[in-house]
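Open the model in your viewer and keep the selection tool ready.

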Amino acid sequence: IALAPEHISAYSLTIEEKTVFGNWQRKGKILSEKDEVAATQMEVLIDLLTKAGYEHYEISNFCKPGFQSKHNSSYWQQQKYLGIGPSAHSYNGASRQFNIRNNPLYIQSLEQGQVPFELEMLSRANKINEYLMTTLRTNWGCDVNYLIKEYNYDLMKEAEHLVGGFIVNGFLENREQHLILTRKGKLLADKIAGDLFVPE
């Protein structure tokens, strides 16, 4: 806060299995933080940064007015993007592409006039679920009319009981047909989005 950066991203540490931290966790050298402690830390962070003039515009992101991340915001707004280089990801609205990670193989393939990648075609359910997951994380929320227009999916009708329960229990608000997580709801964002997912 004293340094006053324009943007702060604050993520909880995720320990992946095949990493040094994963190995240390298996050996008991480090312990995972309990959910209750992580939630309390998040609430303290929100209070401190909000008081310091930061906008909490996405679950893990805070900014001074006018300094939202253009890069990450493009993901949350379903914009198309092109990834260049090993491990890069691309998205064109219909599919997602993952370039291989291996640098020597990537270079060798380019020399042969090929871009080595894996392709994932996105189903209607994939697209709806990704929209739910990304937009519910933001302060502009999930536009239920966008779901109807783009995917012919009426969330308020199809998941009426679930959405109503989240609203009654103070996890979600419906502001002009945008479902927006409350502060309490932000602590359970992944669970709420997962509950609203459309089955494949």
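**Stop one: the hairpin**

Select β2 and β3: these strands form a hairpin with two residues between them. The model is predicted, so local features need pLDDT of at least 70 and side-chain atom pairs pLDDT 80 or more, while totals for chains, interfaces and linings use all residues. Residues are numbered from 1 along each chain as its sequence is written, and side-chain values use heavy atoms, without hydrogens and water.

β2 covers residues 55-58 and β3 residues 61-63; they pair in the antiparallel sense over three bridges. Pairing takes at least two DSSP bridges between two strands. Strands (E, at least two residues) and helices (H or I, at least four) are DSSP runs, numbered from the N terminus. Now pick His 56: opposite stands Phe 62 in β3.

**Stop two: a buried asparagine**

Go to Asn 99, in strand β5 (residues 95-99). Is Asn 99 buried or exposed? Asn 99 counts as buried, at 5% relative accessibility. Buried means under 20% relative accessible area, exposed over 50%, partly exposed in between (1.4 Å probe, protein chains only).

Show the residues Asn 99 touches: leaving out those up to four places away in sequence, they are Gly 83, Ile 84, Gly 85, Ser 87, Ala 88, Tyr 106, Val 115, Pro 116 and Phe 117. Contact means heavy atoms within 4.5 Å.

**Stop three: two helices**

Select α5 (residues 124-135) and α6 (residues 144-151). Their contact is made by Arg 124, Lys 127, Ile 128, Tyr 131 and Leu 132 of α5, with Tyr 146, Leu 147 and Tyr 151 of α6.

How values were computed: Axes are lines fitted to C-alpha atoms, for helices over the stretch in contact, and angles run from 0 to 180 degrees between N-to-C directions.
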